[in-house]
Amino acid sequence: MRLIVVVLLATFFFLNGCDPQGKVLVENLSVEEAVRLLESESNLFVLDVRTAEEWATGVIPEMDGAVDWRQWDRQWVNFADKPDPGQPVLVYCHSGRRAADAAEWLAGAGYSRVYNLGGGISGWQAAGLPVVQLSQP
């Protein structure tokens with residue numbers, strides 16, 4: 001019975017972005033906080049988990065030159081140009097749900113500095129921030 005309780009608690013904390021000791025593994029950022037992170041973190045890896053169709057509508061400007069992982073797949077971590085697990089990663093999608101799922105998975109996979117852009121690119125645009133069109137990779 002004790003083992004079942006421990007497993008249930010660990011699952012609860014993992015699914016809620018915390019480890020069993022309560023340490024937050026994924027930090028959900030407001031648009032303003034994300035802008036500050038993008039301006040201050042020179043080693044930030046930006047992970048866009050939207051579809052190709054969504055990508056075509058524009059990306060946040062700081063995305064230029066970052067790796068594009070539109071087709072979110074947990075197997076992407078097998079690619080050679082993945083970020084280092086200690087490198088900060090900002091994840092975003094259209095509205096925030098897919099990015100939250102991806103961010104939680106990354107944290108569970110050992111990435112120690114994972115950020116989710118709350119509201120996604122929709123929140124970004126609602127705040128009056130620009131998007132840019134990039135050619136398909």
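This is a predicted model: local features need pLDDT of at least 70, side-chain atom pairs count only at pLDDT 80 or more; totals for chains, interfaces and linings use all residues.

Reader: What pattern do the helices and strands follow along the sequence?

Author: Let's start with the inventory: the protein has five helices and four strands. Reading along the sequence, you get α-β-α-β-α-β-α-β-α.

Reader: Among contacts between residues at least 6 apart in sequence, what percentage joins residues at least 24 apart?

Author: Here a contact means heavy atoms within 4.5 Å. Take the contacts between residues at least 6 apart, then keep those joining residues at least 24 apart, and you land on 67%.

Reader: Which element gives the most residues to the largest nonpolar core?

Author: That core has 17 residues, and Leu-38, Ile-60, Leu-90, Tyr-92, Leu-117 and Trp-124 touch the most other members. The elements giving two or more residues to this core are α2 (31-40), β3 (89-92), β4 (114-117) and α5 (120-126). With five residues, the top contributor is α2.

Reader: How many residues are in the other core, the one with Val-91 and Cys-93?

Author: That core lies apart from the largest one, and Ala-107 and Val-114 are also among its members. Its residue count is 15.

Reader: Is Glu-54 buried or exposed?

Author: Glu-54 sits in helix α3 (residues 52-55). The cut-off for buried is under 20% relative accessible area. Glu-54 has 18% relative accessibility, so this residue counts as buried.

Reader: And which residues does Glu-54 touch?

Author: Leave out residues up to four places away in sequence. What Glu-54 then touches is His-94 and Arg-98.

Notes:
Residues are numbered from 1 along each chain as its sequence is written. Side-chain values use heavy atoms; hydrogens and water are left out. A nonpolar core is a set of buried Ala, Val, Leu, Ile, Met, Phe, Trp, Tyr and Cys residues joined through side-chain atoms within 4.5 Å. Buried means under 20% relative accessible area, exposed over 50%, partly exposed in between (1.4 Å probe, protein chains only).
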